Amino acid sequence: MSTPTQARAEREDSPAQFGAPVRFLPYFDWRQYVIYIVFAVIFAVFAVTLSKDGFLNHQNLLQIVEQTAMVSVEATAMTFVIAAAEIDLSIGSVAGLASVVTALALGKFGLGLGILAGIGVGVGAGVVNGGLVTVLRIPSFLVTLGMLGVAEGVARWVTNESAEPVTNGSFIQVFGGGSIGTVSGLVVWTLVVVAAGAVVLRKTAFGRQVFATGGNRIAAEYSGVSTQRIKFAVLLLSGLAAALAGMLYAGRLQSGRFDWGSGDELSAIAATILGGTSLFGGGGSVVGALFGSLMIGLINNGLILAGFGVSQQEVIQGVIIIFAVALGRRK
Amino acid sequence: MRGISKSFGRTRVLTDVDLAVEHGEVHALLGGNGAGKSTLMKILQGVHQADAGEILVEGEHVHFTSPRDARDRGIAMIFQEFSLIPTLSVAQNVVLRHEQKAAGILLDDREARVRAHRILDEIGVDIDPRSRMSDLSTAQWQLVEIAKALAQEAPVLIMDEPTASLTRTETASLFRIVAQLKNKGLAIVYISHRLEEVFEIADRITVLRDGRVVQTSPTTGIRMDELIAQMVGREIEHELQDLRPRRRDGEPLLEVRDLHAGEKVRGISFTLAAGEVLGVAGLMGSGRTELARALFGVDRIDSGEIVLHGRTLRIKRPRDAIDAGIVLVPEDRRQQGLVLDHTIKSNILLPSLRRLVHGLARPLGLGGLVDDERGEKVATELFARLEIKGGTTRTPVRLLSGGNQQKVVVAKWLATDPEVLILDEPTAGVDIGTKTELITMIRELAGRGKSIILISSESLELLAAADRILVLRDGVVRRDVDRVEIASEAALEEMLQEAA
């Protein structure tokens with residue numbers, strides 16, 4: 001059933017055409033910057049109240065970045081997915097599966113194939129997610145919810161739910177366990193992935209088409225954008241990022257286990273939305289998502305230093321996230 | 001309704017309009033686009049409030065502040081494109097908001113089915129009340145829409161272009177139903193552009209023009225040509241008169257041969273020369289929009305050929321059409337033309353992103369970095385050239401007025417340097433000043449050698465802009481006439497009715 005004729009009938013004589021706002025200043029949407037303001041405020045509060053507990057300590061601050069590295073990597077890809085008005089709920093369990101498969105392959109075939117196997121898990125999950133969404137036109141919410149179960153189930157199955165040790169020294173050195181000088185490899189990975197993601201989303205034709213697809217899929221299609229390919233591509237990216245996160249877990253924790261990364265999808269989505277990406281697609285910022293991810297880490301860290309228990313942390317973290325998103329919403 | 005007046009901002013839309021509809025009468029309301037029909041009916045439905053004048057129902061003064069007030073006072077509207085919910089059953093739709101409750105709280109589904117069945121029976125329609133709306137045909141939707149209006153037991157029924165999507169047989173059975181309703185004593189307001197139908201069904205006719213009643217008369221006392229003369233008596237806007245369109249005898253640039261697409265395009269052929277403006281006229285449902293959608297690759301083409309520069313094109317999706325140089329300014333600019341939350345600049349550049357990738361990065365395709373300086377230049381240039389008002393290139397398009405939004409859609413296509421520009425109702429919902437600008441722009445583009453297909457339901461607009469006019473009916477070309485052979489707006493309107 002097409003609706004354009006009704007739309008036209010409604011437009012006829014419509015008063016909407018009169019009195020449209022005239023703006024002479026460049027349009028400025030301060031809500032995009034809410035995350036930076038909130039981040040700065042929380043940072044300042046902790047800096048003052050927790051200075052005796054070592055909050056501002058160089059090592060403590062670096063630790064926050066390290067602890068959030070995996071979520072930061074995942075949130076970078078999640079920004080693309082949500083900007084295209086899709087969602088990926090499978091990243092946490094895909095990360096777990098990637099850690100397991102990498103650990104197994106490292107043990108059996110060595111470094112090269114171990115890394116390839118981990119990447120393969122991400123490509124596989126991404127292709128299946130993207131294929132089901134674009135070819136069979138199943139909503140990504142359902143497809144990736146299914147994939148969440150499948151990936152976790154496979155990871156439990158092949159390892160009998162136990163941790164698979166990683167002993168390959170060079171792997172650990174590169175993926176999460178090593179450091180360059182005093183800077184942990186995890187920090188480097190975060191910076192590289194976020195920088196690449198930010199450039200691709202902001203500056204390339206692909207990134208602009210991602211925004212257009214999420215902003216108005218029909219108009220994008222009418223403008224020559226292959227919106228199905230865009231959707232496929234963002235889900236593939238998301239699978240790859242999840243696999244990378246899984247390998248970072250494997251390196252950092254020197255093992256692969258099905259529950260590494262469990263629950264990351266929620267943290268990554270929260271970080272992305274906190275970072276100013278619209279839940280309805282069409283806009284988003286990778287750097288914002290990084291700060292969203294850091295903020296979650298910051299809050300956890302501060303609350304631990306302040307002596308709160310895990311359950312209290314969760315409550316306070318939830319409240320702050322809702323508050324920040326409410327500040328940033330439009331109208 | 002007595003002495004109704006209404007203004008939007010400084011624009012006066014209705015002036016002192018009287019309309020009386022009696023029990024057992026079908027009263028046709030006629031007038032061109034912008035004559036004020038829609039506004040008048042929206043006031044009757046409580047969507048808008050009149051600035052002056054009064055509404056009386058059964059002799060009693062009423063004051064509607066919302067559509068709900070109007071419904072409560074027994075005024076029901078049958079929409080052109082339906083207010084039904086596809087996932088519910090016929091019965092659920094018919095009784096929507098008038099459900100009976102069983103045992104006080106739960107909806108009584110059986111009662112709903114019985115009631116729906118009775119109403120459908122009354123109007124002689126054979127549809128199972130249990131079927132889901134999404135399984136029904138367009139004509140059946142129209143009938144259910146009527147049943148839904150009847151379920152409100154409203155004494156006043158407004159029908160807006162009810163036959164636009166119906167075939168002839170379906171129209172005939174609709175008319176039988178309308179006649180029955182009339183005999184039951186309902187007062188019916190019937191809006192249609194198809195004069196033939198109006199003569200068949202209406203008892204009286206009121207003609208609106210420029211927001212005033214020209215005449216109310218019994219159907220038997222007036223001829224069709226008189227009606228057309230009353231409807232079109234507007235003056236061509238001053239600036240438009242100077243755009244003497246002329247015929248071009250160039251080689252055909254675009255040739256469309258026996259194009260079939262879906263149910264609405266059934267063998268359309270025409271040619272288009274470089275620098276020619278081809279007007280496409282036709283009543284609602286004639287296949288105008290569907291022709292544009294097929295040429296642009298939105299709807300699947302079943303058979304036929306599209307030849308551009310002597311090369312046969314295979315158009316399967318908009319990208320193919322755009323690459324070949326055929327672009328579309330779509331009917332619904334907000335849904336199909338623009339990403340409303342994005343800036344003017346990013347909307348203008350969206351179709352050209354590939355070309356804007358830095359030279360060295362071309363092999364990367366979409367992955368290449370966009371040359372923002374060049375993009376900014378392209379956008380700023382078009383922004384200035386089309387005189388887009390209401391902000392800067394960085395303003396989100398949702399903040400612009402309808403006319404300026406439309407200019408952004410045109411700008412995004414000009415950035416791709418197209419050969420054939422199709423415009424589907426480009427001036428709908430656009431204020432009069434911008435309307436003139438858009439028409440002038442179309443002529444100017446043609447002057448620069450662009451070929452243009454202008455689809456419009458406004459005869460004046462077609463006459464002002466087109467070199468040649470195609471008249472469509474039932475998905476085929478009924479007339480293909482040079483502009484110079486059409487003497488007046490009335491002559492074109494008669495052609496439209498003839499083609500019917």
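Author: A residue is called buried if 20 or more other C-beta atoms lie within 10 Å of its own, exposed if 12 or fewer do, and partly exposed in between, with C-beta atoms placed from the backbone. This is a predicted model, in which local features need pLDDT of at least 70 and side-chain atom pairs count only at pLDDT 80 or more, while totals for chains, interfaces and linings use all residues. Residues are numbered from 1 along each chain as its sequence is written, and chains are lettered from A and ligands numbered from 1 in the order in which they are written.

Reader: Is B:Trp141 buried or exposed, and why?

Author: B:Trp141 is buried, because 20 other C-beta atoms lie within 10 Å. Helices (H or I, at least four residues) and strands (E, at least two) are DSSP runs, numbered from the N terminus. B:Trp141 belongs to helix α5 (residues 138-151) of chain B.

Reader: Which residues of helix α6(A) are buried?

Author: Consider the general idea. An α-helix has 3.6 residues a turn, so residues three or four places apart point the same way. In α6(A), the buried residues include A:Gly114, A:Ala117, A:Gly118, A:Val121 and A:Gly122. The buried residues of α6(A) pack against α5 (91-109), α7 (140-159), α8 (169-177) and α12 (227-253) of chain A; two residues are in contact if their C-beta atoms, placed from the backbone, lie within 7 Å.

Reader: What span should helix α6 of chain A have?

Author: The expected span of a helix is 1.5 Å times one less than its number of residues. For the 24 residues of α6 (residues 111-134) of chain A this gives 34 Å, and the end C-alpha atoms are 34 Å apart, which agrees.

Reader: In what order do the strands of the sheet that contains β14 of chain B lie?

Author: Two strands pair if DSSP finds at least two bridges between them. The order is β14-β13-β16-β17 (chain B), an open sheet of four strands with antiparallel pairing. Its edge strands, β14 (265-273) and β17 (311-312) of chain B, each pair on one side only. Strand β13 (residues 252-261) of chain B is joined to β14(B) by seven bridges, and B:Glu255 has B:Thr271 in β14(B) as its bridge partner.
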